[in-house]
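Here's a quick briefing to read with the structure open. Take the topics in any order you like.

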Amino acid sequence: MNPVVYLHDGSFEGLLHAVSAAVKSQQKIHGIYAEQCYSPQIFDSLVQIQTDSQQALRLFEYLKNLKGAAARFAVNGFLSDDRKVGFHLYQMVRECLVHGAKATRLYTHDSIRYLDNLSHKVNVEAHRFTGLIRFRILEDGLQYAPFAPDCMVIGHCALHFKQRLKNRRWILHDIRRNHAMYWDGNVLQSIDIDDDFTNHVRQHGEIPESRLSVEERHYQQLWKVFHTAIANRDRNNLDLQRQFMPRRYWKYLVEMR
Amino acid sequence: MKIADKIQILADAAKYDASCSSSGSSRTSAPDGTGNAAMSGICHSWSADGRCISLLKILMSNACVYDCGYCINRRSNNLARATFTPEEIADLTINFYLRNYIEGLFLSSAVYASPDKTMADMVEVCRLLRQKYRFNGYIHLKVIPGAANDLVQQAGFLADRMSVNIELPSEASLKRLAPQKSKQGILAPMKQIGENFNGFKLERKKTRNAPHFCPAGQTTQMIVGASAESDLQILNLTENLYNKMSLKRVYYSAYIAVNDGPLLPAVSTAPPLVREHRLYQADWLLRFYKFQAHEILSPAFPNLDERLDPKAAWALRNFDLFPIDINRASYEELLRVPGIGITSARRIIKTRRVAAIREQDLKKIGMVFKRARFFITLNGKYLGDAGLSHQHIVSAMCKAEPPSSKKLQYNSRQLRLF
Ligand code: SF4
């Protein structure tokens with residue numbers, strides 16, 4: 001029999017629906033992918049999932065009721081944007097059906113460890129970006145921060161800044177996924193950013209000159225001076241710096257440009 | 001003088017300070033204020049030497065009237081001097097904070113004019129930030145030894161964390177190298193902060209609206225290698241500070257020989273970085289691994305072994321306690337095995353509740369097997385090489401040091417060649 005592969009639309013509901021369908025099918029499952037990151041293999045027999053959020057919700061409720069880490073593994077697994085997460089979630093659900101909630105503590109099970117690592121990766125990146133996000137303050141006081149994380153951490157970050165900068169107006173903009181969130185002092189919402197603006201930021205790592213106030217430049221400059229002055233020149237350790245702050249994050253970091 | 005030049009001089013002067021932690025405070029943001037302090041500490045950037053930058057760490061001034069032997073800013077040195085106004089620091093802090101460059105402010109200062117004048121200006125920075133800018137982020141303030149009680153008191157209501165530096169590990173060294181400072185001038189504010197910290201914490205348990213006093217507690221710092229104290233003296237002092245003064249952390253800073261002087265190591269002396277590293281590891285054992293100072297060192301062995309981390313050194317000296325069995329040992333016993341940390345010990349306990357651990361699981365659990373294997377058995381089976389002499393195990397453990405320690409050792413050997 002050909003290996004069976006489930007494909008879904010890439011949404012959280014799609015992913016969960018596909019996992020749930022795969023578990024129910026009793027077939028031998030070869031993989032569960034979002035359509036956009038699946039490259040066809042000649043012998044795969046494909047099952048295309050038409051997302052039904054009821055199915056997804058049912059599985060999610062089951063995972064939440066398990067307590068333990070199951071629901072977190074599902075959410076963070078999705079946020080990690082990892083290609084293979086569907087298959088490992090499928091394995092996890094099968095283990096849970098046998099062992100209950102304690103299955104998510106089986107660090108020696110390959111899929112559980114995989115999901116634990118993914119979940120950790122998402123948490124670490126979300127935490128990292130609460131530090132690495134850099135706001136540019138525009139003339140009218142609006143704060144704008146472009147960034148390009150590996151995982152979908154914009155939600156985590158928005159919740160963080162909603163606490164921290166609750167009396168300011170700001171925009172977080174995930175340039176890689178072109179997804180922006182706007183806090184107006186009261187409500188947090190998704191918004192669309194003008195394409196020209198986005199392209200400029202993506203290309204140059206900075207907002208257009210015309211929007212960059214004198215004051216903004218002044219503080220950016222002072223921050224760079226501080227960043228250089230605080231380093232201990234005879235203890236230079238660029239490898240270590242890069243290990244914590246990988247190059248791929250530098251583009252939107254004022255001090256590294 | 002331009003602000004950029006002041007930053008250049010006063011950030012440069014502040015970098016010899018070892019502390020860069022901003023954790024331990026959770027200040028929730030007031031409805032109309034800006035900012036909060038995150039409990040776990042957030043790094044905002046990393047400097048070229050690989051250290052985390054989370055605070056605007058800067059001196060108010062480096063124009064010192066004192067003349068401490070070990071300090072680059074002492075009066076008798078000839079260097080560029082600068083002094084910020086309180087308004088300048090407050091403005092920098094709030095503007096960096098809004099842009100998310102920093103988590104808050106770490107303000108220290110040389111003593112200009114007098115201890116009271118210096119301390120009063122530092123308190124003024126805090127007042128501007130908290131009241132004018134309604135800043136709720138993190139503030140760490142260094143207390144100037146000898147400053148008046150009521151200034152320390154005011155500071156305590158504004159700052160998240162305070163520190164009074166011990167500077168040198170004994171009174172005798174203090175007399176010799178920092179004659180204008182006194183043990184009393186250092187211990188008195190430390191005690192005052194400690195008592196108020198505990199007092200207001202109790203108060204807040206009774207009434208919710210009692211004020212915070214230095215909610216993230218206090219820390220201190222000492223310089224290692226400028227004077228002759230042994231590691232045992234340093235660890236004993238550290239343990240006392242944790243137990244008696246309820247300090248949150250003790251920081252060590254390897255002495256960088258910046259000045260010439262008959263009482264000091266020669267200027268060509270390399271900073272004792274390996275020793276500093278080993279002291280931090282020992283400090284870690286005190287704080288998280290339930291070790292006591294007298295277990296780590298003794299009058300017969302008063303100094304830490306530079307080749308080995310203190311836990312491995314302890315385990316090798318107490319080899320008769322090992323091996324212990326991974327499937328049977330308690331959490332506390334597991335913690336004492338070299339190569340097993342808090343995470344892997346917890347994982348072992350958790351996994352064991354579901355299923356016994358097998359040999360192929362050991363690495364997956366995250367322990368450093370090549371370090372742990374000499375000290376463990378698995379269901380009765382010894383995992384080290386049987387019949388290896390103690391001497392061989394010691395050298396195998398030195399070889400199995402983590403790369404970061406090895407690199408430090410290697411670099412310090414290189415430095416000594418010059
Ligand atoms: S008081 Fe502080 S800044 Fe002044 S010389 Fe002594 S250690 Fe240096």
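Helices (H or I, at least four residues) and strands (E, at least two) are DSSP runs, numbered from the N terminus. This is a predicted model: local features need pLDDT of at least 70, side-chain atom pairs count only at pLDDT 80 or more, and totals for chains, interfaces and linings use all residues, while side-chain values use heavy atoms, with hydrogens and water left out. Residues are numbered from 1 along each chain as its sequence is written, and chains are lettered from A and ligands numbered from 1 in the order in which they are written.

**Chain A overall**
- Chain A has nine helices and eight strands, and its C-alpha trace spans about 65 × 45 × 40 Å along the principal axes.
- Of the 257 residues in chain A, 52% are buried (under 20% relative accessible area; exposed is over 50%, partly exposed in between, with a 1.4 Å probe and protein chains only).

- Five strands of chain A make an open sheet in the order 4-5-6-7-8, with mixed pairing (two strands pair if DSSP finds at least two bridges between them).
- At the edges are strand 4 (136-137) and strand 8 (188-191) of chain A, each pairing on one side only.
- Strand 5 (residues 143-147) and strand 6 (residues 170-174) of chain A run parallel and share five bridges; A:Gln143 has A:Trp170 as its bridge partner in strand 6 of chain A.
- Helix 8 (residues 214-229) of chain A has 16 residues, so at 1.5 Å a residue it should span 22 Å, and its end C-alpha atoms are 23 Å apart, which agrees (the expected span is 1.5 Å times one less than the number of residues).
- Buried residues of helix 8 of chain A include A:Trp223, A:Phe226 and A:His227.

**The chain B sheet**
- Chain B has an open sheet of three strands in the order 9-10-11, again with mixed pairing.
- Strand 9 (324-325) and strand 11 (381-382) of chain B are the edges; each has a single partner strand, so one side of each is left without a neighbour in the sheet.
- Strand 10 (residues 376-378) and strand 11 of chain B pair antiparallel over two bridges, and B:Leu378 stands opposite B:Lys381 in strand 11 of chain B.

**Ligand site**
- The residues around the ligand are B:Cys64, B:Tyr66, B:Cys68, B:Cys71, B:Arg74, B:Ala110, B:Val111 and B:Lys181 (one heavy atom within 4 Å is enough to count as near).
- That shell divides into six nonpolar, no polar and two charged residues (Ala, Val, Leu, Ile, Met, Phe, Trp, Tyr, Cys and Pro count as nonpolar, Asp, Glu, Lys and Arg as charged, and the others, Gly among them, as polar).

- Most residues other than glycine have a negative phi, and most peptide bonds are trans.
- A:Asp81 is not a glycine, yet has a positive phi of about 65°; A:Asp81 is in the loop between helix 3 (70-79) and helix 4 (85-99) of chain A and is partly exposed at 44% relative accessible area.
- B:Ser246, also not a glycine, has a positive phi of about 40°; B:Ser246 is in the loop between helix 7 (231-244) and strand 8 (249-254) of chain B and is partly exposed at 28%.
- The peptide bond from B:Phe322 to B:Pro323 is cis, with omega near -5°, and B:Pro323 is in the loop between helix 10 (310-317) and strand 9 of chain B.
- B:Asn136 sits in the loop between helix 3 (115-132) and strand 5 (138-142) of chain B and counts as buried at 13% relative accessibility.
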